[in-house]
Amino acid sequence: MKSKTIVWSITTALAGFLFGFDTIVINGAEQDLQKLWSMYTLFGSNDAFHGSVVVASALWGTVAGAMLGGIPNDKLGRKKTLILIGILYTISALGSTLVSDPWLFASFRFLGGLGVGASTIAAPAFIAEIAPAKKRGSLTALYQLNIVLGILAAFVSNYLVAAYISQDAWRWMIGIEALPALIYTLLVLSVPESPRWLLIRKGALEEAKKVFAVLYPDEEAAAQIIAVQNQMKERPPVNDRLFSKKYKVPLMLAFAISFFNQFSGINALLYYARRIFEAAGLAADAGLLSSVGLGIANFIFTLLGVALIDRLGRRTLMYIGSIGYIITLTTTSLAFTYGWPGIVSVALFLFIGAHAIGQGAIIWVFISEIFPNHIRSYGQAFGTSVHWVLAAVIPAMMPFLMNPKVLGPAPVFAIFAAFMVLQLLFVIFYMPETKGVSLEELQKKMIRQ
């Protein structure tokens, strides 16, 4: 594997850092924002307004970005889409930190969400399309590693801002993202276009050859081009559509992996970590500091997941993660039931570890692998849309569901645990292994002719 493969993969994966930072930075600011805009209601409830508009605005943007992100990724290419994503992040950070109206705040956060949703398609697709089969898992998982690094950076940034700034601290928490967003936008200018996209969408053989020549030794570069050209000879009919019977298997797999990812409760925890820790009986400062600890645990266990994904394979990591989910979520539910605040902290830290090794390391890799080259963007858009619709709906409902008069923390975590039992059954009976198989060979296995 040549050094450029690593450099370009890392540069592209930095979109994940902004993803993690942008989505989680609201965790430290959300309670202050609820107090600031306490007079605003939705259906007569400030909790509903806060959860659905202020907190979830970026997630609604992410849903739109995931649904529509396949279009620029397919039509404009991976590189131009990645540049556009950086611009969206920058505008969002600057805009949302300067406004004082919750609807304007939500609008700018929505723009950042568009960038997040589109990045979950463009970045994994680009890395998967330049990486050698034996290293595709770990290189594509760099995107997830950057997500958790961004999450950790957001938790640490929020803690430091809260410690040293008292007046309008939320503005500093939100606005600081503009700096890494601008740096990322400039760095991604140095990345080439995906050679597979150049061949399949532009028919630019010479341009694709140049990129493959930088990525692979001569003989292997030629073999990559031949494999793509052979697949192109089997070009599907003009009216070929993603939602046809032949793509039933990858569609089902993308739906399942995305559905279970969010019904683990991962985004609900990350968005409301401070609130959840306080509900368990920790003081406000301890809750914020524990959020930083979650970010550290997430990063460490994701490093482990990245190291193991091409060694143990995707299914093995999903087994580990699923069992870990079931144990830790059940324990959390019991801890809330019987009032064990120390157990809640330990269980949720281990929950983060189970997620990072399993679903966290797998999801973006797996979705980018299972669809054919010519519809990869749209297939990823489907899978990521399922993920982000749920990632918007579930956190939006958390302030309401966490209220003891509605459900309360214990039943909520018990429900998440039950869904993880279903995920384990999915892994046992349906999930295939994609480790070490070329994208073109995976197409032959996944598609019903």
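The crossing of α6 and α7 is left-handed, a term used when the near helix is turned anticlockwise from the far one by less than a right angle. This is a predicted model, in which local features need pLDDT of at least 70 and side-chain atom pairs count only at pLDDT 80 or more, while totals for chains, interfaces and linings use all residues. Residues are numbered from 1 along each chain as its sequence is written, and side-chain values use heavy atoms, with hydrogens and water left out.

Helix α6 and helix α7 pack at an angle of about 155°, with their axes 8 Å apart, and they are therefore roughly antiparallel to each other, a label for angles over 145 degrees. The residues of this contact of α6 with α7 divide into the classes below.

| Class | Residues in the contact of α6 with α7 |
|---|---|
| nonpolar | 15 |
| polar | seven |
| charged | three |

Asp, Glu, Lys and Arg count as charged.

Helix α7 is mostly covered, since 22 of its 29 residues are buried (under 20% relative accessible area). At 1.5 Å a residue, the 29 residues of α7 should span 42 Å, and its end C-alpha atoms are 42 Å apart, which agrees; the expected span is 1.5 Å times one less than the number of residues.

In the loop between α9 and α10 lies D168, which has a positive phi of about 50° although it is not a glycine. D168 is partly exposed, with a relative accessible area of 34%.

Technical notes: Axes are lines fitted to C-alpha atoms, for helices over the stretch in contact, and angles run from 0 to 180 degrees between N-to-C directions. Helices (H or I, at least four residues) and strands (E, at least two) are DSSP runs, numbered from the N terminus. Angles under 35 degrees count as roughly parallel, over 145 as roughly antiparallel, 65 to 115 as roughly perpendicular and the rest as oblique. Buried means under 20% relative accessible area, exposed over 50%, partly exposed in between (1.4 Å probe, protein chains only).
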